Amino acid sequence: MVDHYVSNARAAARARRREAVEVASFVRRLDWLLLGSVAAVVGYGLWAIAGITHHDVTGNPGYYLTRQAVYVFIGVVCLVVAVLVDPELYRTRWRWIFGTTAFLIAIVLLTGPIRGSKRWLDLGFFRFQPSEFGKVLFVLALAGLVADRARGITRVGTVLRILGFGLAPIFLVFIQPDIGTALVYGAALAAVLFVAGARWWHLAALALAVVVSCMAILWWLPAGGMQVLKPYQTSRLTGFTHPTSDA
Amino acid sequence: MANRVRSRRFLPPDPRVEEPYRFTPKLALRVGLLGMVALAVFATLFLRLWSLQVLNGQQLLRAAQNNQRRDIRVQAPRGPILDRNGQVLVTNVPGTAVQIWSSDLPKRRGVRLREIRKLARVLDVPAYQIGAAVRKHRSDPLTPVKVKDGATQAQVFYLKERAEDFPGVQIAPTYLRYYPHKELAAHVLGYVSEISPGQLKALHDQGYRGGDTIGQTGIESYYDKYLRGTAGLSQLRVDSLGRPISLVLPKVPAHPGDAVRLTLDVKLQKAAEEALRYGIDRARNSGCYGCWNANGGAIVAIDPHDGAVRALASYPTYRPSLFVGRVRQRALDVAGLTPRTAEGANFPALDRAIDGAYPPGSTFKPVTAIAAMQEHILQPFESLPCTGSYKKNGQVFKNWDPFVNEAMTLPTALAKSCDTYFYQVGYRFYGMPSDRGPRLQAWASRFGFGQKTGIDLGSERSGLLPTPDWRKKTYTKKTDPGHWAIDSLWKPGDSIQLAIGQKDLLVTPMQMARFYAMIANGGKLVTPHLLQDVEQPSSNGTPGRAVPSTLPPAPEPTNVDAQALAVVREGLYQATHYSFGTSASIFGSFPISISGKTGTAEKSIDPGDGYPRLFNQSWWCGYGPSDSPDLVVCALIENGGHGGDAAAPAALKVFESFFGKQATVTGPIHSD
């Protein structure tokens with residue numbers, strides 16, 4: 001009995017020790033540099049908001065600061081949840097992630113326009129923009145896809161398949177219209193292909209295609225009388241060349 | 001343990017992947033490159049930020065601060081409208097406007113609605129109208145929303161005392177149009193109202209902005225450019241969302257609009273409007289056929305020398321003040337000023353003097369007479385039989401007086417208004433060779449018929465001068481499938497009836513007055529006009545002065561033979577002086593010699609029972625004094641019976657006022 005008890009106690013102590021080691025190693029493995037920079041950005045944001053909005057709501061100088069703090073808290077909770085999820089899950093379930101993201105972005109198109117574009121899903125108490133969550137989920141899903149096909153990344157077929165998967169949500173976001181988010185998606189797709197190890201000349205051909213289509217959309221087709229983008233979209237893309245105009 | 005560490009450093013093994021995803025040198029190179037690209041991009045952004053913030057910081061700060069000041073328009077007081085003697089026809093009275101800055105309304109919906117409801121109760125304006133106005137201006141937080149224009153003193157005090165209960169509500173001084181003579185000359189003056197979205201789109205280039213007051217009809221509209229003045233400018237500091245954060249600071253004062261002086265004479269205008277009502281009443285009481293339906297008309301009085309309009313009356317009329325301040329839809333409905341109720345009220349907004357087209361009847365006979373003499377198809381003192389009726393090609397054309405049977409010369413035919421005499425002249429026009437076109441119409445056109453007179457008053461009708469070409473174009477297989485083959489031809493009857501101003505011919509009273517002015521002034525066609533001059537009001541320091549404005553075109557010669565004119569003038573003189581003249585019993589005893597012509601024109605009218613039938617339109621046109629005319633008067637009474645019944649007595653009233661003399665007893669009337 002006693003023996004048994006002792007061995008039980010030892011087992012428990014061993015388990016505790018192992019647990020402590022695991023937690024310690026988990027904590028050590030965290031990317032503290034990244035977390036530190038995020039914390040710094042968030043802190044700077046809170047400080048800036050506190051200063052700017054101090055006089056906005058009469059009688060309640062901390063109104064926007066508390067609001068932002070609540071958002072930060074929600075963000076931290078989400079961060080903890082995300083950290084605790086095994087990355088393996090993303091890799092094995094990338095199809096689900098991709099499907100859900102694409103579905104949410106697609107059904108946004110069926111809703112009524114808000115301020116001229118269809119980006120938001122209205123849940124009554126909360127209005128959210130699926131394409132914003134999509135920025136993260138899109139990269140995860142693409143990474144899962146690429147990891148599945150890491151061996152074949154040098155083949156044209158694989159690259160084209162990845163491109164096909166990537167361009168579908170880009171197109172959906174583009175027609176919302178939300179050209180900014182579409183560009184972010186495009187950059188993410190390019191980075192994923194690059195890091196995954198696509199052949200240099202594949203990447204070069206892709207870059208050439210992107211440059212040619214940009215020229216076509218911004219200058220050649222409008223010169224020929226066919227407007228792909230609305231004028232304000234064009235001016236947003238070319239606006240960096242003359243920052244003092246208020247277009 | 002080693003295995004475990006490895007699995008932590010690299011991606012875990014996957015049965016589908018032959019080799020674990022290793023951190024190979026190749027991958028390291030790629031990640032490194034990506035990192036460098038990211039670094040380069042952020043370095044660029046950082047450098048750009050530094051250049052904007054540090055290098056150009058001061059300059060951009062100034063630009064941003066300028067952006068925070070917004071301009072607000074200060075409405076200028078509108079210029080007054082004066083008559084030729086400087087009597088005020090329209091001016092402004094200061095009013096108090098209640099406005100809402102929609103961005104200062106409570107943010108919470110319920111609180112906002114409660115405030116609007118409370119405001120509605122105080123101001124006696126329906127709450128839904130305030131809500132609709134606020135919603136309409138939601139995209140423009142810098143233009144205050146007008147809730148009420150003429151708030152009473154009690155309302156203003158109430159709102160000022162409880163200012164904290166009404167956030168966003170502002171009391172502002174404003175100017176309201178004021179009409180000291182009520183509905184006098186309403187059709188000439190027109191009315192003003194807030195600029196409509198359509199007008200704003202069309203006139204934005206000319207400096208009109210949302211919320212501006214603009215003339216909608218009449219002089220207010222035609223000379224809006226003089227009357228509106230120049231809006232001033234105030235500035236307001238706003239935050240990045242366009243919400244005001246300071247008081248309104250005046251920058252540029254508003255320039256009041258210029259005064260527009262009209263050729264109109266208030267005294268004569270009053271007389272003309274009274275005369276018009278008198279003529280209508282007279283027609284109604286005369287018991288003549290159809291006169292129970294006398295319900296409208298127009299009187300035009302112009303100066304034959306230059307076409308200056310001395311009086312312009314149209315009946316029924318309306319009060320322009322209905323459009324001042326907050327317009328009540330129901331009041332407009334009752335006054336017949338909305339499309340729904342206009343017909344029931346016999347179109348009070350219609351200016352019949354320039355926008356009503358009627359067959360002229362016998363008042364047109366001088367046109368026929370002059371044209372016939374000019375074309376040498378009629379000798380002035382040639383005797384033609386005047387009979388009870390005239391037969392041509394089996395068709396019978398009746399004289400208004402069936403019992404007459406004598407030969408007469410042109411002046412007598414005019415004085416007696418013999419239809420059958422002019423039927424024969426009309427048939428002579430029909431018989432003329434067609435290679436020079438229809439001659440009667442050519443002369444009528446030279447005298448201004450079938451075209452706008454060019455009066456400075458906006459919406460004007462050109463009437464209808466029928467020609468063979470017009471018949472061909474109007475009656476086609478498509479428009480008149482049953483009878484187009486016959487109707488598209490110009491027939492003898494068309495010429496015969498045109499000679500006495502009947503059938504298809506339509507003229508406006510103003511066109512008629514213009515023609516009689518031509519007879520009166522010896523053959524010059526004037527352009528009727530209302531503008532005398534534009535004056536800048538004197539304000540502190542600067543004296544008033546005339547503003548250069550576009551003057552009406554000078555009278556144009558029509559090259560009519562002086563002898564032909566003299567014959568017609570003789571006929572018109574006999575008509576009002578000789579015992580057989582059609583309006584001699586009315587004008588014969590007037591101390592000043594008046595010449596003129598009656599007219600009775602048949603027009604098909606539905607009096608409201610669904611059975612259109614012919615009603616007599618009563619006309620009289622003429623001038624006085626006969627030998628050197630100073631005034632031309634043209635009167636028209638709708639459904640007023642014979643010209644001598646209603647129109648001629650009405651015209652006499654205008655002459656009485658103009659010459660300041662009364663006519664004595666009038667004898668029995670025998671006229672067409």
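Author: Start with B:K392, which lies over the face of B:Y427, at 4.1 Å from the ring centre. A charge counts as sitting over a ring if NZ of Lys or CZ of Arg is within 6 Å of the ring centre and within 35 degrees of the ring normal. B:K118 does this with B:F166, at 5.2 Å from the ring centre. Keep in mind that this is a predicted model, where local features need pLDDT of at least 70, side-chain atom pairs count only at pLDDT 80 or more, and totals for chains, interfaces and linings use all residues. Residues are numbered from 1 along each chain as its sequence is written, chains are lettered from A and ligands numbered from 1 in the order in which they are written, and side-chain values use heavy atoms, leaving out hydrogens and water.

As for pLDDT (the predictor's confidence in each residue, from 0 to 100), chain B averages 87, and 92% of the residues score at least 70. Over residues 1–9 of chain B, though, the pLDDT is below 50. The complex gets an ipTM of 0.72 and a pTM of 0.67 from the predictor.

Rings of Phe, Tyr and Trp (its six-membered ring) pair if their centres lie within 6.5 Å; planes under 30 degrees apart count as stacked, over 60 as edge-to-face and the rest as tilted. B:Y191 and B:F323 are a stacked pair, 3.5 Å centre to centre with 10° between the planes. This pair links distant parts of the chain, 132 residues apart: B:Y191 is in the loop between α7 and β6 of chain B, and B:F323 is in the loop between β12 and α12 of chain B. (Helices are DSSP runs of H or I, at least four residues, and strands are runs of E, at least two, numbered from the N terminus.) Both B:Y191 and B:F323 are buried, where buried means under 20% relative accessible area, exposed over 50% and partly exposed in between, with a 1.4 Å probe and protein chains only.

Next comes an edge-to-face pair, B:W292 and B:F615, at 5.9 Å centre to centre and 80° between the planes. B:W292 lies in the loop between α11 and β11 of chain B and B:F615 in strand β22 of chain B, so the pair ties together parts that are 323 residues apart in sequence. B:W292 counts as partly exposed because its relative accessibility is 46%, while B:F615 is buried at 0%.

Finally, ring pairs also build a cluster from B:F364, B:W443, B:F447, B:F449, B:F515 and B:Y516.

Conventions
Contact = heavy atoms within 4.5 Å.
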